[in-house]
Amino acid sequence: MSLQAGIPSGILDGDLLQCEDVHRVYPVKVSPLFRNLLEKPGDPIWRQVMPDVRELRDEGPLAMEDPLGEEARSPVPNLVHRYPDRVLWIVSHVCAVHCRFCTRKRRWTRPVALNEEMIQRALDYIARTPAVRDVLLSGGDPLMLSAAMVDDLCSRLRRISHVRILRVGTRVPFAAPERITDELVGVLRGHHPLFVNIHVNHPREITPEAREACARLADAGIPLGSQTVLLRDVNDDPSVLEELFVELLSLRVRPYYLLQMDLMKSTAHFRTGVSDGLRLLQRLRNRISGLALPQFVVDLPGGYGKVPLLPQAVEKIEAERIVFRNYEGRRCSYPLVEGEGPVLAKLLGKDG
Ligand code: SF4
């Protein structure tokens, strides 16, 4: 499909040809609701979903196809086993929108659609791994599946006695809230304890439709959390984050994670310095309730897991990198932007 299909005429600027090149490598997909939210090039919704020629220029050692090492940590296709007690199951290859900063962009043009054999292999793995207590349904977006399919997957997981917690990671309540139907809510409610973690990045995504979708989920007793990716020129501003987190809390969505950008190839133009996120949260700490403050985390390159940006997680700060210890005590580094080492050391109290 050409890039212009589905995008209102006149909204693309003179870079259309170059954007077509980007679209061929990383296809554009915008939900009807997000399409209505597009105002002009460079606005916060635009930057999240519209192609940028810089996506094709991001090369070099920090540009990775699979920054979280998910393929290497998949004992069976589409199932990532990174932490001892949890697995992430990629149950859908479809999303409501294609976020230009997505960590799984590699799958957009090489989707691995789930079939019955793969489902059974994943279930067999989980069943023979009693340490797994918690299954996160991910994607793509699991809520792009039919309600019947979500029900089937959850029911089969619920038959495995050591699986206690189900979680769903989704962008649907904000990007395609019309999918949060009574039927789907009824299915999710039938599989408690089940948590829904919603991807949302900017207050402009909080539309009346999204409010209603969150209310339907919360009224069904489904605990809601959010995860927000810290994105340059989208939400790296304290007043934007303050408005977002306070609004989310009022929707009964508890801000859970603020994520440092992964080192995904084609996304460098979105990346902020690690110190930016820390500084932003420090600014917010005295302005908003602790309930509305998410944890700032880095998902370590190579699949070493998430670490919170806390002084005790940081082993040392060098000119070009910060060295973390992960939950297993293993060392892993994350690159710093030029000159931020001393600032970061001060913020984390590591400058003595
Ligand atoms: S919704 Fe999630 S998986 Fe889908 S494109 Fe956006 S970040 Fe990637």
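This is a predicted model: local features need pLDDT of at least 70, side-chain atom pairs count only at pLDDT 80 or more; totals for chains, interfaces and linings use all residues.
Local features were taken at pLDDT of at least 70 and side-chain atom pairs only at pLDDT 80 or more, while totals for chains, interfaces and linings use all residues. Residues are numbered from 1 along each chain as its sequence is written, and side-chain values use heavy atoms, without hydrogens or water.

Helices (H or I, at least four residues) and strands (E, at least two) are DSSP runs numbered from the N terminus. Two strands count as paired if DSSP finds at least two bridges between them. An open sheet of nine strands runs in the order β1-β2-β3-β4-β5-β6-β7-β8-β9, with mixed pairing. The twist from one strand to the next averages 30°; axes are lines fitted to C-alpha atoms, for helices over the stretch in contact, and angles run from 0 to 180 degrees between N-to-C directions. Strands of a sheet pair through backbone hydrogen bonds, either parallel or antiparallel. Strands β6 (residues 224–229) and β7 (residues 253–259) run parallel and are joined by six bridges. L224 has V253 of β7 as its bridge partner.

The UniProt record, an unreviewed entry, places "domain: Radical SAM core" at residues 81–291. UniProt positions follow the numbering used here, feature names are shortened, and annotations may be inferred rather than shown by experiment. Over residues 81–291 the chain is 35% helix and 18% strand. The end C-alpha atoms of this stretch are 30 Å apart.

Burial was classed by relative accessible area: buried is under 20%, exposed is over 50%, and partly exposed lies in between (1.4 Å probe, protein chains only). A nonpolar core is a set of buried Ala, Val, Leu, Ile, Met, Phe, Trp, Tyr and Cys residues joined through side-chain atoms within 4.5 Å. The largest has 77 residues. W89, I126, V135, F174, L224, F245 and F324 have the most contacts inside it. Helix α4 (residues 116–127) supplies the largest share, six residues. Apart from this core lies another, of 23 residues, among them W46, F101, V234 and L259. Contact means heavy atoms within 4.5 Å. Beyond four places in sequence, L224 touches V196, I198, C214, L217, A218, R252, V253 and R254.

Helix α7 (residues 182–189) has L184, V185, V187 and L188 buried. These residues lie on the same side of α7, because they cover an arc of only 160° around the axis. The arc is that of the directions from the helix axis to the C-beta atoms. The buried residues of α7 pack against α5 (147–158), β4 (165–170), β5 (194–199) and α8 (208–219). The face turned away from the buried side carries the exposed residues D182 and E183.

K306 lies in strand β9. The unreviewed UniProt entry annotates K306 as "modified residue: N6-(pyridoxal phosphate)lysine". K306 counts as partly exposed because its relative accessibility is 25%. Leaving aside residues up to four places away, K306 touches R82, Y83, Y257, L259, V297, V298 and D299. P308 is also in β9. At 23% relative accessible area, P308 is partly exposed.

Strand β11 (residues 321–325) and strand β12 run antiparallel, joined by five bridges. R321 stands opposite P335 in β12. The hairpin has five residues between the strands, and G329 takes a positive phi near 85°. Strand β12 (residues 331–335) has C332 and Y334 on its covered face, and R331, S333 and P335 on the uncovered one. L344 lies in helix α11 (residues 341–347) and is buried, with a relative accessible area of 0%. L344 contacts V274, S275, L278, I317, I322 and L336, its neighbours within four places left aside.

Most residues other than glycine have a negative phi, and most peptide bonds are trans. The bond from G139 to G140 is cis, with omega near 25°. A cis bond also joins H192 and P193, with omega about -5°. P193 sits in the loop between α7 and β5. N78 has a positive phi near 75° and is buried, at 3% relative accessibility. R252 has a positive phi of about 70° and is partly exposed, at 46%.
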